[in-house]
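Please view the sequence and the model together while reading.

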Amino acid sequence: VPQASGVIFTGFILAVTAGFPLPLVVALLFVDMIAGEASRSTLKVLLTIPVGRTRLLFVKVLVSSTVLVVGILLLTGVSLLVGTISYGGGGIQIPVGPQLGMGESLLRILAAVAVICLHLSWAAALGTMFTVLAEAPLAAAGGVVITSILSSILERIPDLGIVRNYLPTWNTDAFREFFAARIDYGPVVDSVLSALIYALIFTAVAV
């Protein structure tokens, strides 16, 4: 049985939240950017300011992205603090393997957080696209959530074969590679590259 520690607790929290809670947070953050302004009848006021619509969109995306990354870092930091207080210090205990040092364990946690943030870019871009197309924030958020759930269900159907590799949620848990004795960067690269391609497409449509 791996020895409990604050770092292991942090990894557990990341694994629990990366699947659905974080995409839900992304949906709520990004779909309110334009659709929320439209529903509150403040969008017309913003557009009267001599600022281009594209610039307005990208400033809102930048703010929402900053809030998201800071939130994930706070989640990680609080989890590490609570875990260390509850279970003590110590590095990651690899199942049927060695125990990593504290320094290396923290670096792997940071790498996992970076991969999670990059993978969420597809959901953020989809939310950006929906917030431009929809007039109601809830409708836009529902589009992101339904897409995430549907993609997660489809990727678990073996009969779809290689089609699963092109779903936006494919390799969502690739960040777990950093908690293994030997890191396989293949799934990590696939996860990030796929998310960035989807993000580029959805952002282009939004613009």
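## Overall architecture

The secondary structure of the protein chain consists of nine helices and zero strands, where helices (H or I, at least four residues) and strands (E, at least two) are DSSP runs numbered from the N terminus. Read from the N terminus, the order of elements is α-α-α-α-α-α-α-α-α. Along the principal axes, the C-alpha atoms occupy a box of roughly 60 × 45 × 25 Å.

The model is predicted: local features need pLDDT of at least 70 and side-chain atom pairs count only at pLDDT 80 or more, while totals for chains, interfaces and linings use all residues. Residues are numbered from 1 along each chain as its sequence is written, and side-chain values use heavy atoms, with hydrogens and water left out.

## Burial and contacts

Of the 207 residues in the protein chain, 40% count as buried; buried means under 20% relative accessible area, exposed over 50%, and partly exposed in between, with a 1.4 Å probe and protein chains only. Among contacts with a separation of 6 or more, 71% join residues 24 or more positions apart, a contact being heavy atoms within 4.5 Å.

## Helix H6

Helix H6 covers residues 102-119, and its 18 residues should span 26 Å at 1.5 Å a residue; the end C-alpha atoms are 26 Å apart, which agrees. The expected span is 1.5 Å times one less than the number of residues.

The buried residues of H6 are Ser105, Arg108, Ile109, Ala112, Val113, Val115, Ile116, Cys117 and His119. Their cover includes H1, H2 (21-30), H5 (53-87), H7 and H9 (185-206).

## The H7 and H8 pair

Helix H7 (residues 121-133) and helix H8 (residues 137-154) pack at an angle of about 145°, with axes 8 Å apart. Axes are lines fitted to C-alpha atoms, for helices over the stretch in contact, and angles run from 0 to 180 degrees between N-to-C directions.

In this pair, Trp122, Ala123, Leu126, Gly127, Phe130 and Thr131 of H7 meet Ala140, Gly143, Val144, Thr147 and Ser148 of H8.

## Thr17 in helix H1

Thr17 lies in helix H1 (residues 6-19). Thr17 counts as buried because its relative accessibility is 14%. A polar atom of the Thr17 side chain lies 3.4 Å from the backbone oxygen of Leu14. Leaving aside residues up to four places away in sequence, Thr17 touches Leu22, Pro23 and Leu75.

Conventions. A polar contact is a pair of N or O atoms within 3.5 Å; within protein, one must be able to donate a hydrogen and the other to accept it, and residues adjacent in sequence count only if both atoms are side-chain atoms.
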